[in-house]
Amino acid sequence: MREFSQTELLHELEPVVAGELDRHHRMAKEWFPHEYVPWSEGRDFDGVLGGEAWVEHDSRIPEEARVSLIVNLLTEDNLPSYHHEIATAFGRDAAWGTWVHRWTAEEGRHGTALRDYLTVTRAVDPVALERARMTHMGEGFTNAYEGVLHSLAYVSFQELATRISHRNTGRASGDPNCERLLARIAADENLHMLFYRNLLDAAFKLTPSQTMRAVTDVVTTFQMPGTGIEGFSRKAMIIANAGIYDLRLHIDDVLMPVLRQWAVFDKENLDGEGEKAREELAEFLARLEVSASRFVERREARRAREAARS
């Protein structure tokens, strides 16, 4: 079973891109960031306008949700780098190029809406947020995977992970306005996931073993695009301990639904290399399951101890 070159993959999948683009246009709903921001809550900050300096009690958002909001926004801020990476991987021609620009335009709304909400409601320190943005964007983002199939596999999981993170962050915020905004953003992310997931499903039909290798490589090395955020490990632990996004959710709500949709463990047309990749995937998922169970057990034990002390 021969492998397809990157040029061949782009050519063979382009009709699928065109079809998925039409489906996306039918399903996507126009929305406006300014309608989701409670502007009446805003007031001047100190500095040029001589307003009031931010203090922590200005924020009504619990710390763990605030941390997650910051991580989510800083991740969205790196959109210029993401655009460069997917334009390099998929090109700017024909349906591929139309999708790249459409995706970028939709993602651009997310950062705008999130920053306006956080600033107007004084949910976070705007000075610290801007400094973090400058630092994170200064690092940029580089796609860890080469080639069409690896890139499609990565964004299939990443878009769904982002959707889950936004939805759970909104719920954890305790603010109906925040939850409404993040639910709207999550709806965009879900449509993006469907686009990429369906493309990779077509790739499985075209070159199953080559696609299986890409999926295994991505699942076993997956990291969120915000990993480069300063202090990310500590922030990720706060988010995980709050149950906003943790390894249990990563397996149950991200990896397994997508893998089931692709029917990776039911495919019968794999060559030796494809079977090897699938075996590696199964072994990795088994190890990940053990780690997720242990994390949940430790978290529950810690919560029980804290409850007993209070």
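Entry 1, aromatic pairs. I searched the whole structure and found eleven aromatic pairs. Rings of Phe, Tyr and Trp (its six-membered ring) count as a pair if their centres lie within 6.5 Å; planes under 30 degrees apart are stacked, over 60 edge-to-face, and the rest tilted. I looked up Trp-31 with Tyr-36, an edge-to-face pair at 5.4 Å centre to centre and 80° between the planes. Trp-31 is buried at 4% relative accessibility. My cut-offs for relative accessible area are under 20% for buried, over 50% for exposed, and partly exposed in between, with a 1.4 Å probe and protein chains only.

Next I took Phe-157 and Trp-262, an edge-to-face pair with 5.5 Å centre to centre and 80° between the planes. Phe-157 belongs to helix α6 (residues 148-173) and Trp-262 to helix α10, so this pair ties together parts 105 residues apart in sequence. Phe-157 is buried at 0% relative accessible area, and Trp-262 is buried at 1%. I also noted a cluster in which ring pairs link Phe-90, Trp-96, Trp-99, Phe-195 and Tyr-196.

For the record, the model is predicted: local features need pLDDT of at least 70 and side-chain atom pairs pLDDT 80 or more, while totals for chains, interfaces and linings use all residues. Residues are numbered from 1 along each chain as its sequence is written, and side-chain values use heavy atoms, without hydrogens and water. Helices (H or I, at least four residues) are DSSP runs, numbered from the N terminus.

Which residues of α7 and α10 make the contact? I list Arg-197, Leu-200, Asp-201 and Phe-204 from α7, and Val-258, Gln-261 and Trp-262 from α10. Contact here means heavy atoms within 4.5 Å. Helix α7 (residues 176-206) packs with α10 at an angle of about 40°, and their axes are 10 Å apart. The axes are lines fitted to C-alpha atoms, for helices over the stretch in contact, and angles run from 0 to 180 degrees between N-to-C directions. The two helices, α7 and α10, are therefore oblique to each other. Angles under 35 degrees count as roughly parallel, over 145 as roughly antiparallel, 65 to 115 as roughly perpendicular, and the rest as oblique. The crossing of α7 and α10 is right-handed. That term applies if the near helix is turned clockwise from the far one, and left-handed if it is turned anticlockwise, by less than a right angle.

I then checked α6 against helix α8 (residues 208-219): the angle is about 50° and the axes are 8 Å apart. That makes α6 oblique to α8. Their crossing is right-handed. Phe-157 turns up again here, among the α6 residues that meet α8, with Leu-149, His-150, Ala-153 and Tyr-154. The α8 side includes Gln-210, Thr-211, Arg-213 and Ala-214.

Ala-65 lies in helix α2 (residues 63-77) and is buried at 0% relative accessibility. Not counting residues up to four places away in sequence, Ala-65 touches Thr-169, Ala-172, Ser-173 and Ile-244. In helix α9 (residues 232-241), I found Phe-232, Lys-235, Ile-238, Ile-239 and Ala-240 buried. The buried residues of α9 pack against α2 and α11. After α9 comes Gly-243, with a positive phi near 80°.

Arg-299 lies in helix α11 and is buried at 7% relative accessibility. Leaving aside neighbours within four places in sequence, Arg-299 contacts Ala-240, Asn-241, Gly-243 and Asp-246.

Most residues other than glycine have a negative phi. Where is Arg-122, in the loop between which helices? I placed Arg-122 between α4 (94-120) and α5 (126-139). Its phi is positive, near 55°. Arg-122 is buried, with a relative accessible area of 2%, and lies over the face of Phe-45, 4.0 Å from the ring centre. A charge sits over a ring if NZ of Lys or CZ of Arg is within 6 Å of the ring centre and within 35 degrees of the ring normal. The charged end of Lys-267 sits over the ring of Phe-204, 4.7 Å from its centre.

Ala-263 also has a positive phi near 55°. I found Ala-263 in the loop between α10 (247-262) and α11 (272-309), where it is partly exposed at 25% relative accessibility.
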